[in-house]
Amino acid sequence: MAATSTSTSYRLGFRLHQQLAPCSGSHPQTSGAVSFLSGSHNFSFKSLETTRRSQLSRISVVVKAESRSEEMQLDISLSPRVNAVKPSKTVAITDQATALVQAGVPVIRLAAGEPDFDTPVVIAEAGINAIREGFTRYTPNAGTQELRVAICHKLKEENGISYTPDQILVSNGAKQSIYQAMLAVCSPGDEVIIPAPFWVSYPEMARLADATPVILPTSISENFLLDPKLLESKLSAKSRLLILCSPSNPTGSVYSKKLLEEIARIVAKHPRLLVLSDEIYEHIIYAPATHISFASLPGMWERTLTVNGFSKAFAMTGWRLGYIAGPKHFVAACNKIQSQFTSGASSISQKAGVAALGLGYAGGEAVSTMVKAFMERRDFLIRSFGEMEGVRMSEPQGAFYLFIDTSSYYGTEAEGFGKIEDSDSLCRYLLDQAQVALVPGVAFGDDSCIRISYAASLTTLQEAVGRIKKALLPLKSAVPV
C-alpha cells in the first residue's frame with residue numbers, strides 16, 4: 001500500500017464508544033469497545049470521561065423470566081467506583097496501534113513502556129526448568145521463601161535497606177503491589193499526593209481505594225522534579241500517601257539524594273504521611289545519575305513502602321512479577337488483600353525471578369547491555385529533537401522515555417486534519433500523518449507534552465523521527481521562533 005493511500009484511508013482518531021446492538025429481538029444490549037474510526041478528527045480525549053459517564057449511567061434491559069410470561073427489568077448498571085475510573089490511555093493507544101499493524105498499516109509503535117529485548121536466556125531457562133521439574137503448583141501467598149530471601153539480599157546489597165522475608169510480598173507485577181498498598185493504607189477521604197507528570201494509573205488507583213488524588217505540578221525547567229516548598233504547602237491532616245517514582249515514568253527524571261533528603265524532612269513532620277517509592281526503573285539509569293531508595297534515608301524506613309519488580313530491567317513484562325517491601329504491619333495488610341484477590345504469583349515466574357536476581361549486582365552484564373542501548377537511543381532522540389523548532393526537552397536521566405514539550409504547535413491548523421489544540425490532537429495528527437503512535441501528555445497530567453518511548457531499536461527510532469519531522473514541517477511556519 002502506498003504511503004499516500006494509507007494516509008488517506010486511515011484518518012484515524014481515538015474513541016471509546018458505547019454501541020447499542022439488538023438482543024433478544026428488539027431489546028437493547030450495551031457493549032463498550034475501544035475502536036479506531038475512519039474520518040474521526042473531532043474526538044478529544046478530554047471528552048472521554050464525559051461520554052463514558054453519560055452512557056454508563058443506570059441502564060436496564062427488558063428480559064422475560066423463564067417461569068413467568070411477564071417482563072421484568074434487569075439492572076445492568078455498574079458501580080460508581082468503576083464509573084469514576086478512567087481507562088488507561090497508554091493501553092488503549094497501544095492496543096489500537098497493534099490492531100492497525102495487524103491490519104497491514106505500517107504504524108511505528110512508541111507508546112508502550114516495554115523493553116524490546118528478549119528476557120535474558122538464563123532467566124528464561126529457569127522458567128522452562130521450573131515447568132519441566134514440575135514446579136507448577138501454588139506457592140505461599142507472599143511468595144516462595146527462596147525468592148523473598150533473594151529480594152532481601154538484593155535490597156540490602158544494592159539499596160542499603162534491610163528486610164526480613166516476612167516484610168516482603170511478591171505479587172503479579174509491581175502494578176498490583178502499588179494498588180494493594182493503596183487499599184491497605186488509605187481510608188475514604190484520605191489524600192494521595194502525586195507529583196505530575198505521573199504514571200497514568202496512580203490517580204485511578206487512588207480513586208479505586210476511595211482516596212482523593214492531589215496532583216502537584218512540576219516544571220520542565222526544573223527537570224520535572226517535585227518542589228519541596230510546594231509539597232509542604234499542600235500537606236494536611238488528610239494527607240496519607242506520597243508517591244515518588246524515580247527514575248520517573250514518563251519523564252525519566254531522577255531524584256538526587258539532596259532533594260530526597262529535603263522531601264524526607266518535610267514528610268517527617270506529618271505522622272500520618274507514608275511514602276510509596278516506585279523504583280521499578282532503578283537499574284535503567286544513566287551516569288552520572290544514581291538511584292537512591294527513599295527508605296534508606298534516616299527515619300524513613302518506618303514509613304516507606306518500596307515497590308519494585310522484574311518487568312523493566314530484566315525485560316520480563318509478560319512474566320508478571322513484582323514485590324513490595326516495608327514494615328511488617330503494612331506488608332501483612334497487603335498480604336491479606338492478595339490472599340482474597342489473586343493469591344500468589346506464578347510459581348514459574350518466581351523461579352525466573354530468583355535467576356534474575358542471581359545475575360549479579362544491578363542485573364550484571366545482561367542489564368548493563370540493555371542500558372547501554374537505551375542510552376544510545378536516548379542520545380539520538382535528544383540530538384534529533386534538539387534540531388527542531390518549537391520543541392523543549394528535559395534530558396532524561398533514567399527509564400526509556402522522552403517527555404517533550406510540543407505546546408508551541410498548539411493552535412496551528414493542519415491541512416486536511418484541522419486544528420492542533422492539545423497533546424491529544426497532536427498525537428492523533430502524528431498517527432494520521434506520520435503513522436507513529438505516541439502518548440499525549442494529558443494522560444500523565446501535563447498537556448503541554450507528549451511521551452515517546454525509546455524501547456525500540458535505533459533503526460526504528462530513526463525512521464520514526466524522520467516521519468515526525470516530515471509531519472511537523474507544514475506546521476513550522478505557525479510556530480513562534
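# Close-up views of a predicted model

**Figure 1. Helix α15 and the elements that cover its buried residues.** Among the elements that cover the buried residues of α15 are β5 (108-109), α13 (364-386), α14 (423-433), β16 (436-437) and β18 (449-453); contact means heavy atoms within 4.5 Å. The model is predicted: local features need pLDDT of at least 70, side-chain atom pairs count only at pLDDT 80 or more, and totals for chains, interfaces and linings use all residues. Residues are numbered from 1 along each chain as its sequence is written, and side-chain values use heavy atoms, with hydrogens and water left out. Helices (H or I, at least four residues) and strands (E, at least two) are DSSP runs, numbered from the N terminus. Helix α15 comprises 15 residues, 458-472. From its first C-alpha to its last, α15 reaches 21 Å, close to the 21 Å expected at 1.5 Å a residue; the expected span is 1.5 Å times one less than the number of residues. L461, A464, V465, R467, I468, A471 and L472 are the buried residues of α15. They lie on the same side of α15 because they cover an arc of only 165° around the axis, the arc being that of the directions from the helix axis to the C-beta atoms. T459 and K470, on the other side of α15, are exposed. Buried means under 20% relative accessible area, exposed over 50%, and partly exposed in between (1.4 Å probe, protein chains only).

Figure 2. Helix α10 spans residues 257-267, and its buried residues include L259, L260, I263, A264, I266 and V267. An α-helix has 3.6 residues a turn, so residues three or four places apart point the same way. K258 and R265 are exposed on the other side of α10. The cover over the buried residues of α10 includes α9 (228-234), together with β9 and β10.

**Figure 3. The seven-stranded open sheet.** The strand order is β6-β12-β11-β10-β9-β7-β8, and the pairing is mixed. At the edges are β6 (168-171) and β8 (212-217), each of which pairs on one side only. From one strand to the next, the twist averages 20°. Strands β9 (residues 239-245) and β10 (residues 274-278) run parallel and are joined by five bridges; two strands pair if DSSP finds at least two bridges between them. I243 has L276 in β10 as its bridge partner.

Figure 4. Opposite L402 stands I452 in β18.

**Figure 5. The side chain of D432 in α14.** Residue D432 belongs to helix α14. D432 has a relative accessible area of 1% and is buried. Its side chain makes a polar contact with the side chain of Q433, at 3.3 Å. A polar contact is a pair of N or O atoms within 3.5 Å; within protein, one must be able to donate a hydrogen and the other to accept it, and residues adjacent in sequence count only if both atoms are side-chain atoms.

Figure 6. Most residues other than glycine have a negative phi, and most peptide bonds are trans. The bond from A196 to P197 is cis, with omega near 5°, and P197 sits in the loop between β7 (191-196) and α8 (201-208). The bond from A287 to P288 is also cis, with omega near 10°; P288 is in the loop between β10 and β11 (304-309). R320, not a glycine, has a positive phi of about 55°. The loop between β11 and β12 (322-325) holds R320, which is partly exposed at a relative accessible area of 34%. S343, not a glycine either, has a positive phi of about 65°. S343 lies in the loop between α11 (328-339) and α12 (347-357) and is partly exposed, with 34% relative accessibility.

Methods
Axes are lines fitted to C-alpha atoms, for helices over the stretch in contact, and angles run from 0 to 180 degrees between N-to-C directions.
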